[in-house]
Amino acid sequence: MNIFDIIGPVMIGPSSSHTAGAVRIGRISWKILGEQVAKADIALSGSFAQTHKGHGTDKALVAGILGMKPDDSNIPLSLEIAAGLGLSYCFSEIKIPHAHPNTAILHLYGISGAQCTVQGVSVGGGNILITRLNGMDSAFSGERDTLIIANDDAPGVIAAVTAKLAKGSANIGDFRLSRPHKGHSAIMTIELDGDIEKSLVNELKELPNITSVVYMRAAN
């Protein structure tokens, strides 16, 4: 058991689930987008939808997509900061059958035209789980260094990626491939047992049939 499962995360309140977890969902979504957010359409389900204003979930999610961490003292001011930066956002309610009650779907649009859709769940104690990426199933928490590799579903792509990681002395802790249809787009989510060099990330980007590579350090 992690000590933070007992005493909770270092955070700006009032709630680890509705505030700290929401910040982390927003922050990971921002990292996946890979650039400053210009527009955010955020759909909330379950408890998030019912209590997001009272518990500050709206401010927390916007704080995350601005790049803030759960202990940032500016979280209560995130909506004003977003307005000052020209970031437009809107919140809506959605019913997702069988979803965790603390679920958010973030559609982000970057200043240079990048887009991403992230579905995240705040599971308690500031912990989260990303359950869908760009319409494809996923399952990672951000607790470990993570590679998110979008690729064409073609023979040899997984072997090329894992071979490159092995050559760079990276150890894979968990691997997941999601592809809605054979032979189309796919996403690899690779959790690592340690960090990797930027040069290795660049080598992965240069492999055939790789669309994009996002490397997220757990400590950041």
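Of the 220 residues in the protein chain, 45% are buried. The model is a predicted one. The accessible surface of the chain comes to about 10,700 Å², and carbon and sulfur atoms hold 52% of that surface. Seven helices and 10 strands make up the secondary structure of the chain.

One part of the structure to look at is an open sheet. This sheet has four strands in the order E8-E9-E7-E10, and their pairing is antiparallel. Which strands stand at the edges? They are E8, residues 172-178, and E10, residues 210-216. Each of these has a single partner strand, so one side of each has no neighbour in the sheet. On average, neighbouring strands of this sheet are turned by 15° against each other, direction ignored. Strand E7, residues 146-152, pairs with E10 over six bridges in the antiparallel sense. Asn-151 stands opposite Ile-210, a residue of E10.

Two helices lie across strands of this sheet. Helix H6, residues 157-167, lies across E7, E8, E9 and E10, and runs at about 25° to E9, which spans residues 185-192. Helix H7, residues 198-205, lies across E7 and E10. The angle between H7 and E10 is about 160°.

The next topic is the interior. In soluble globular proteins, nonpolar side chains tend to be buried together. In this model the largest nonpolar core has 36 residues. The members that touch the most other members are Ile-32, Leu-61, Leu-106, Leu-108, Leu-133, Phe-140 and Ile-148. Helix H2, residues 16-33, supplies the largest share of this core, with six residues.

Leaving out residues up to four places away in sequence, Phe-140 touches Ile-28, Ile-32, Ile-128, Leu-129, Ile-130 and Leu-133, among others. Its contacts also include Thr-146, Ile-148, Thr-189, Glu-191 and Met-216.

The last topic is cysteine. A disulfide is a covalent bond between the sulfur atoms of two cysteines. How many disulfides does a search of the whole structure find? The search finds zero. Cys-90 has a relative accessible area of 38%, so it counts as partly exposed. Cys-116 counts as buried because its relative accessibility is 4%, and buried means under 20%.

Conventions. Residues numbered from 1 in each chain as written. Predicted model: local features only at pLDDT ≥ 70, side-chain atom pairs only at ≥ 80, totals over all residues. Heavy atoms only, no water. Buried < 20%, exposed > 50% of the residue type's maximum accessible area, 1.4 Å probe, protein only. Areas by Shrake-Rupley, 256 points an atom, 1.4 Å probe, with all protein chains shown as cover. Disulfide = S-S within 2.5 Å. Pairing = 2+ DSSP bridges. Axes fitted to C-alpha atoms, helices over the stretch in contact; angles between N-to-C directions. Contact = heavy atoms within 4.5 Å. Core = buried A, V, L, I, M, F, W, Y, C linked by side-chain atoms within 4.5 Å.
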